[in-house]
Amino acid sequence: MLRNTAIIGCGQTKHTSKRRDVSVAELVAEATYAALEDAGITMKDVGCVVSGNMQGFGGVAQPDLWIGDWMGCPGKPAIRIATGGTTGGSVAHGALYAVASGMFDLAIGVAWEKHSDSKEAGATTGLMHVGMANLFHALPYGLSLKNLIATTAVGAAAGVAVYQARFYMHRSGATIEHLDMVAAKDRRNAAKNIYAHLQWPNCQPEDIAKTEMIAYPFRYGHVCPASDGASCIVVASEKLAKKLCKQPAWLLGLASYSDEENQLQSENYGGVGVLDPCEQMGARISAKKAYSMAGITDPQKEIDLAEIYQPFPSQEMFFAERLGLFDDGTAWRYLEKGETDINGSLPTDLSGGVNATNAIGSSALQRVLECALQIQGKAGEHQASRKVRKAIAHGWGGVTNYITVTVLGDTPR
Amino acid sequence: METKPDVITVNGIPIVVANFNWSVGFQMEKFLKALATKKILAAKCPECGYIYVPARNRCGKCSAKMEEKDLVEISGKGTLVSYTLAYVALDGKGNWTDLEKPKIIGAIKLNEANSTIFMPLEEIDYPNLKIGMLMEPAWNSETKGGWKDLKYMKPAKA
Amino acid sequence: MTKKVAIIGYAQSNHQAEVQKTREDLVFDVAREALKNAGILREDLGTVITSSTDFLDGRTISNVFLSMAVGAYLKDESKVEEDGTNALYYAMMKLMAGAYEIALVEAHTIGWTFNPHQVWLYTLDPLVDRQIGVLDDIAAAALQARAYMDKYGVSEKDLAQVAVKSLSDAAKNPCAHRKMPKVNVGQVLSSRKYYDPLTELMISPVSDGCAIVILASEEKAKQVCEQPVWIEGIGTCQDDYLRDRNLLSLNSLKKAAKAAYRMAKVKNPLKEINVAEVSARFAHEELMIYEALGLCRDGEGKDLLAKGVTKKSGKLPVNPSGGALAADPICATGLIRVIEAAKQIRGEANGYQVPKVKRALAHGQFGICAQKNTVIILGGGK
Amino acid sequence: MGYLKDERPQTMMVEGDWQVGAYRYKAPRLLEEYTQALKRKKIIGSLCLGCGKVIVPPRNICGRCHQRMTGRQEVSPIGTITSFVISPPVVKGKYKLFGLDPVDTGALKEGEVMVPVFVRLDGSDSNIACLLFNADPQKVFIGMRVKAVWASELKGAMSDLDGVEPLENR
């Protein structure tokens, strides 16, 4: 199986809604060179650059061709990976595989998004384009405008997630109060993470409950922001990791299984056969594969920390279940007991997660990066109170059908 | 298995356009603002000495950081390294349009910098162009602080 | 200690200007054919890597609706943008790491969807070069061609010769898009002028197409395939942005080739390689590629062509399939080269087979003036 | 208390566009089949002869079996709500689609509360998304039985299937 590989350096930028002080190239360089500094290496040492973002949001086609100069691409093998929301997770996998395959001893994975480069608010441009072709197709067939608005736009950014939340609540018995609790926890955690976007010190569920209802069960306070930001990880082979780093975050397992597209329409406006978008078969299988690589038999006992990709609070709960961290339908019970808090038994999204910071291309890479920081003990104020030995980083994207799962640990396999 | 050509063409809606406004960052902002005063700023890498136009904050050759102190003003004169005659142009929507009067495009390696810039060439006929010619910028009468302030490049007067 | 990887199956579409299929059907049909060619089932796949770009496909997350068509349902999946050879590179990493046994690599572009040359313009620095709109990929290539011709005394006729060689060879290739068995230099020179010195026939056509390659680890390949084609060497490299690059030589290709040759232990490519399939989007690029691949010294590409070394009956035939000048579904072009090279090794290139091919080279590129290059050395036998 | 603010200096911006509306695509005639059936108040889906799944509206390829969905199957106009959303009352100027305000265009009425639902029609293996009419939003539940509401004039268009309403209202 894979040769031992570890993350030895992490870098990220401050995330905020508009980073107008830098160009997208400079934003990327900020994270890249922070990671190199953290790892104690220079760009000359790097063997391979894996990068990615969602180009529709930035308006530049294949931006790595232009901004490659800012992340050390010239003269090196450079691969661009983009898979929608999972872009960051896929980039992390790319960098990890580059080293695990034995092709390179040092690789970096860089992911970014600069939403403010788009004139349309938030992520609408990019999200619209996912279905643009389908929309152009359906309009001549008399798609009713009312239906279109009702089905796509009621939740504005929420999209299918709002239906997904309803599915989950129905299945598990979770209520809107649980969503408030997750959102409050994430904003509270984010306040301790200097790089996070939506920071709200001591935020309580009651504060979130006061925010405006967008579409039941989602309130304004539940929804992730659209952030500008970049992140970067440095991946090294076993020999180099031991030489360069006191406590590397070792790769134990990784997988990215995809399901059928879940967002109602397939290519050419056909239906899709996924009846319950919170079932997430891809996440279940990815987790199973990653655990088996990592030699984990009982994730509920062995995993100490989770970084879950949760633009919406319901996702934190059901993805934790699908990843095998809780039994199906029980995540909210652990939430009530505070087990997912910083001092709980399974601290979840101590960075604030995607719910607090969402630079789409970079979001899933940040999950991996935060797990690495926790294992290295470098998370600072949001370091978990328990010792983190094994952590799981999750990403989802596409139209809720792509999953990336990465399991990291404090000792090599 | 081959499918029968049972497909239809779906056309987009031309008025649907995605608009962008890219932030430029401090080095580039200084560069663009200098263009408004008909000045060209380059950035010289403090490590390897490579000189970039437009000015920027990170060296692609040696990864060194560049700051305001590394900005140098250059004349804009340069050597023609290549040229081409455009018979067609893209209209922004992906269509080729034939140009009534073909346009000359040149690649100019700036004399006081290492970068090559790409500009329209005027005030010279195509057959008279020679690689190695000295070129100089012609500015728009009204400059607004953008790359478009440079109108074209023309042969430099000796 | 690295593991060996082999190509066990492949398929490509009939590349054409406007394919009468949906994107989904195009990919699905080629995927079925590739699985059949490899003699495996969809269920046997371990990982699926696709390659396409959002701007060319006109859809954000361009792979998302294709996962089912390509066979990635509940499979490990990822998308490497840009050229298909980069996706192959990533798939190979996954196999070499030992995570999976069989990988499917898919690449497609429907050029008809939107003029790709406009998309190349969108890859330029948006703060500067995209603003003035004088530059696109053809203009940049024309500038490169002119500088190259001026430096090394290459004439328009030499470029036309490259096009004649490619387009007439393509006539035998059933999958090629632009087939012109009787094309001559005059015809190339008098075709529609885009940017001097490049005319229409010196520029790759805008094609719709899809290519799929199935890879397997050493043990698996020996188990399921009678005639695996081994990937003996691979190298890839990116160059600087256009402004800060030496347009006169393809430096990133030189580095990529060096890495691939080192891995495959190739010392003298002209002697040790029997056939090469290269992605030359413009006629002059083919000459520059000869030089960057080390087949001749800088500036001697035209001599290699003139001496007939690279023609179908020459010592090292280049692009007997017609190459990218005959069909260019952008993201798929590199992968098509891999398929054509593999076909040569297996002796399947009916009508354009080069005799006794033991080792073949495939090249893929992406970016204005070939900014990113990948070189793959394929070998046959055990 | 509330969100922390991040103030930082700004630099100028340079503008540009991406002509996403200039793209064109190839699509199968499946939607035509679907809308022509709607004109006859019939809802059809595609049937996979491999796994037997019926998908509405019809799609071309079953990825599970990796084969074409060659069968066609009519499904019931009656189905079950699998998920739903309750919108807040519509406010003019709050949301725009392609720069058009839905209230101005007459698509929605000011103050209207919409209930978009996922419905699994009997005999199908997929959800369709549409609006629920003639129901008290507070009384909607998952598992509620609903039936199709047809447009007053059938034109062979997607809008022929206007939405759904509770079955017991009949």
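**View 1. Strand β2 of chain C is largely enclosed by the rest of the predicted structure, because 5 of its 5 residues (47–51) are buried.** Buried means that 20 or more other C-beta atoms, placed from the backbone, lie within 10 Å of the residue's own. Strands are DSSP runs of E, at least two residues long, and helices are runs of H or I, at least four; both are numbered from the N terminus. Both faces are covered: C:T47, C:I49 and C:S51 lie on one side, C:V48 and C:T50 on the other.

**View 2. β2(C) pairs in the parallel sense with β3(C), residues 75–79, over 4 bridges.** Two strands pair if DSSP finds at least two bridges between them. β2(C) also pairs in the parallel sense with β4(C), residues 102–110, over 5 bridges. C:T50 stands opposite C:K79 in β3(C) and opposite C:E106 in β4(C).

**View 3. Three strands of chain B form an open antiparallel sheet, ordered β4-β3-β5.** The edge strands, β4 (51–52) and β5 (71–74), each pair on one side only. β3(B), residues 40–44, joins β5(B) over 4 antiparallel bridges. B:A43 has B:L71 as its bridge partner in β5(B). Helix α1(B), residues 26–36, packs on the sheet and touches β3 and β5. The direction of α1(B) makes about 150° with that of β3(B).

**Model and numbering.** In this predicted model, local features need pLDDT of at least 70 and side-chain atom pairs count only at pLDDT 80 or more, while totals for chains, interfaces and linings use all residues. Residues are numbered from 1 along each chain as its sequence is written, with chains lettered from A and ligands numbered from 1 in the order in which they are written.

Technical notes:
Buried ≥ 20, exposed ≤ 12 C-beta atoms within 10 Å, placed from the backbone. Contact = placed C-beta atoms within 7 Å. Axes fitted to C-alpha atoms, helices over the stretch in contact; angles between N-to-C directions.
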